[in-house]
Every structure is written in structure tokens, then in C-alpha cells.
Amino acid sequence: MNFTYHRVEPRTISKYQARILKRIAHSELPIEACGVILRDGTIVEYPNTCPNPEHGFDFAAQLNHNIKAIWHSHPNGLTTPSDDDLPMIETLARRGFNCHHLIVTAENVYEYAADFSQVASASQCQT
Ligand SMILES: [Zn+2]
């Protein structure tokens with residue numbers, strides 16, 4: 001892993017959007033739901049293409065400069081990025097998705113920022 005991450009005050013989404021994300025996450029149980037938040041606040045859900053979608057996430061979407069953050073759910077309630085998430089977060093950063101990550105549990109939505117300054121190919125999402 002070539003980056004560090006830290007939890008930040010939630011600022012990407014409103015409480016209303018957090019409620020929608022929790023509802024989407026619930027509807028996909030037992031697999032993880034995933035997608036992006038666009039700059040205008042639109043919540044987009046993508047099919048989870050991870051081979052083991054109960055314990056990880058991936059999606060086939062292309063980077064788009066309207067993307068403000070990435071989100072995925074943790075059916076097990078874990079509030080931090082899992083061991084499986086870290087390589088995925090790095091892979092996404094290499095694809096250009098270097099933006100905040102939201103982790104959605106049944107209880108709440110947690111926001112993380114990662115420092116990819118050591119990932120040469122990573123570019124920055126618009127924030
Ligand atoms: Zn995860």
C-alpha cells in the first residue's frame with residue numbers, strides 16, 4: 001500500500017443523502033453496494049463487479065470529472081476501510097478516482113480521505 005488515509009468530517013453529502021445511501025445499502029444485502037457521488041449531489045449506484053461482492057467492491061465505470069466521491073457499503077458494519085478495500089482504493093486512484101471514500105453502514109456514513117502523493121499516476125478528482 002502506497003498511501004495513508006484518515007477519517008474526515010463528513011462534508012460530501014447531506015443527512016438526507018446519507019439516509020438514501022443507507023437505504024440503497026440495505027436493499028443490496030448481503031452484498032456490498034457501491035457507486036459514486038456526483039458534484040451536483042446525484043447518488044449513482046454501480047453494479048458491484050467484485051468476484052466476492054459480500055466482502056469487497058469494484059465497478060466498471062470510467063472516471064468522470066463530475067465525480068466528487070466514491071461510496072460503498074459494509075454489510076458487516078465495519079466503519080473503517082477493510083483490508084480488502086485498501087488495494088481497491090489504490091487501484092481506483094491509479095484509474096484516476098483519487099477522491100474521498102464514503103463507507104456506508106446501517107448506522108451511519110463515514111468519510112475518508114487518502115493521501116496518494118506517492119502514487120505517481122494518480123490524478124485528483126475535482127473537489
Ligand atoms: Zn469496504
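Two strands pair if DSSP finds at least two bridges between them. I wrote that down before opening the model, along with what counts as an element: helices (H or I, at least four residues) and strands (E, at least two) are DSSP runs, numbered from the N terminus.

**Ground rules**

This is a predicted model, and I kept to its limits: local features need pLDDT of at least 70, side-chain atom pairs count only at pLDDT 80 or more, and totals for chains, interfaces and linings use all residues. Residues are numbered from 1 along each chain as its sequence is written.

**Overall layout**

I looked up the elements and found two helices and six strands. From the N terminus they run β-α-β-β-β-α-β-β. The radius of gyration, taken over C-alpha atoms, is 13 Å.

Next I checked contacts, meaning pairs whose C-beta atoms, placed from the backbone, lie within 7 Å. Of the contacts with a separation of 6 or more, 71% are between residues 24 or more positions apart.

**The sheet**

In what order do the six strands lie in the sheet? I read β1-β6-β5-β4-β2-β3, an open sheet with mixed pairing. The edge strands, pairing on one side only, are β1 (4–8) and β3 (43–46). Neighbouring strands are turned by 30° against each other on average, direction ignored; the axes here are lines fitted to C-alpha atoms, for helices over the stretch in contact, and angles in general run from 0 to 180 degrees between N-to-C directions.

I then went through the pairs around β4. Five bridges join β4 to β5, and these two run parallel. A69 has H100 in β5 as its bridge partner. The chain gets from β4 to β5 through α2, in a right-handed β-α-β crossover; that means the path from the first strand over the helix to the second runs clockwise with the strands pointing away from the viewer. On the β2 side, β4 pairs in the antiparallel sense over five bridges, and I67 of β4 stands opposite L38.

β5 and β6 are antiparallel, with four bridges, and V104 has V109 as its partner in β6. A hairpin of four residues joins β5 to β6.

**Burial and core**

My cut-offs: a residue is buried if 20 or more other C-beta atoms lie within 10 Å of its own, exposed if 12 or fewer, and partly exposed in between, with C-beta atoms placed from the backbone. Buried residues make up 30% of the 127.

Five of the five residues of β5 are buried, so β5 is largely enclosed by the rest of the structure. H100, L102 and V104 point one way from the strand, while H101 and I103 point the other way. I noted the general rule beside this: in a regular strand the side chains alternate between the two faces of the sheet. β4 is mostly covered too, with six of its seven residues buried.

Which residues have the most contacts inside the largest nonpolar core? They are A69, I70, W71, L102 and V104, in a core of 25 residues. Such a core is a set of buried Ala, Val, Leu, Ile, Met, Phe, Trp, Tyr and Cys residues joined through C-beta atoms within 7 Å. Elements supplying at least two core residues each include α1 (15–27), α2 (85–94) and β6 (109–115).

α1 lies across β3, β4, β5 and β6, at about 15° to β3.

Last, I checked the loop between α1 and β2, where P30 is found. The peptide bond from L29 to P30 is cis, with omega near 10°. For context, most peptide bonds are trans.

Technical notes. Rg over C-alpha atoms; globule rule 2.2 N^0.38 Å. Contact = placed C-beta atoms within 7 Å.
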